Amino acid sequence: MNNIERTYMAQVREALWGGDELTSESVNELTTEVLAMHMQQGTGPLVYPALQEKSLNTNSLNTKHLLLLKQLCVQNMQTQAKMQMVLEQAWKALENAGIQPVLMKGAGLAALYPDPSMRQWGDIDLFVGKEQYHPACAVMRETFPKALKFDEELDHYKHYNIIADGVSIETHRVSVNMTHPRDVRRYAKMEAFGVAKAESLEVSGLEVKIFEPTFNALFVFLHAWEHLITEGANIRQLCDLALLLQHERETIDWKLLERWLKELKLWEVWQVYIFVLTHYLGLEVRGLEVSGLEVRGKRLMEAILHGETFEGTSEMSATRQSKKYHNRFVRKWHTMQVRMDSAEWVAQFSPAYARHMKVAIWLSGLARLFAKDRHWE
């Protein structure tokens, strides 16, 4: 890490756990570069209260940057108020239709923070499951007739998306996409466990359901991992996982979670994440300590801090993806090659999971070769 990244991470740790890691003078280190990192990583609302508190003890402040963070916090609070109204409308509509949703991410994770407004979130994720997927999508359209609709309601999609009054609502048939057929079956059972034992949570006066803590830990981890490979991860996702593990340390069934991770071939990846959470974010949960993963942990932090993704770092795959192949078999072959490249990229974090990915890619590729052609893939 360079000095800018070290300062940034120190501010994040102070905001998460408190303490005296930041001196009053360190507020002056809220430079343009550090501020930009908070904006990119989704941690602006998280760090503002701690930085503002420290600023009261010094007369030499970077008031311009603090003001920008304050404006971001105000904007985040306004957005959350609007999203809360849409969430309540969507939730009650589904319940009135006899559908019990589960709130994923967003407001549910915001409740783990010292103040929910410290967690920046931009959409509403509602899990309904495969059986209630199509009825739930219909309810969303009926409830928000003027909403923008641009996703097709297809059974191979993870979710159906509409934008109601500027708020994105994702209606999920599955919480995470899996590729390997065995993973799909196993994860479905884990997901069913998380839904069957869902817990109640009050969000601004609205009683919602959230996943059972052990499954929620698995899901939040998987969500961050999936983002790293595809869209790019951020530090806010690591903060979510750290706070969840700390808050639910007494209720998570750690042995069950380990078994699940090993069944999904993700135990090695999980250990790298735990190394990052403990060594870089300051998480302290007894029994979670890991060692010997310095190189992979450092590489994972670099990828997140620098916004790396497989697509953004693989010149070969970018070239492959840019080509258009009219022959169905050639097109699918090259699609599989791109996915194999992604497994090679993942190997820097977990060689074991990279090998598992390659098997899944071959199985998926063969199945899709003889399935109905989808020209947009």
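1. Helices are DSSP runs of H or I, at least four residues, and strands are runs of E, at least two, numbered from the N terminus.

2. This is a predicted model: local features need pLDDT of at least 70, side-chain atom pairs need 80 or more, and totals for chains, interfaces and linings use all residues. Residues are numbered from 1 along each chain as its sequence is written, and side-chain values use heavy atoms, without hydrogens or water.

3. Which residues of helix 9 and helix 11 make the contact? Helix 9 gives Leu238, Leu241, Ala242 and Leu245. Helix 11 gives Trp270, Tyr273, Ile274, Val276 and Leu277. Contact means heavy atoms within 4.5 Å. By class, there are 9 nonpolar residues, no polar and no charged ones (nonpolar: Ala, Val, Leu, Ile, Met, Phe, Trp, Tyr, Cys, Pro; charged: Asp, Glu, Lys, Arg; polar: the others, Gly among them).

4. Most residues other than glycine have a negative phi. Lys105 has a positive phi of about 55°. Lys105 sits in the loop between strand 1 (102-104) and helix 5 (106-110). Its relative accessibility is 15%, so Lys105 counts as buried (under 20%; 1.4 Å probe, protein chains only).

5. Lys265 also has a positive phi, about 65°. Lys265 lies in the loop between helix 10 (254-263) and helix 11 (267-279). At 37% relative accessibility, Lys265 counts as partly exposed (between the buried cut-off of 20% and the exposed one of 50%).
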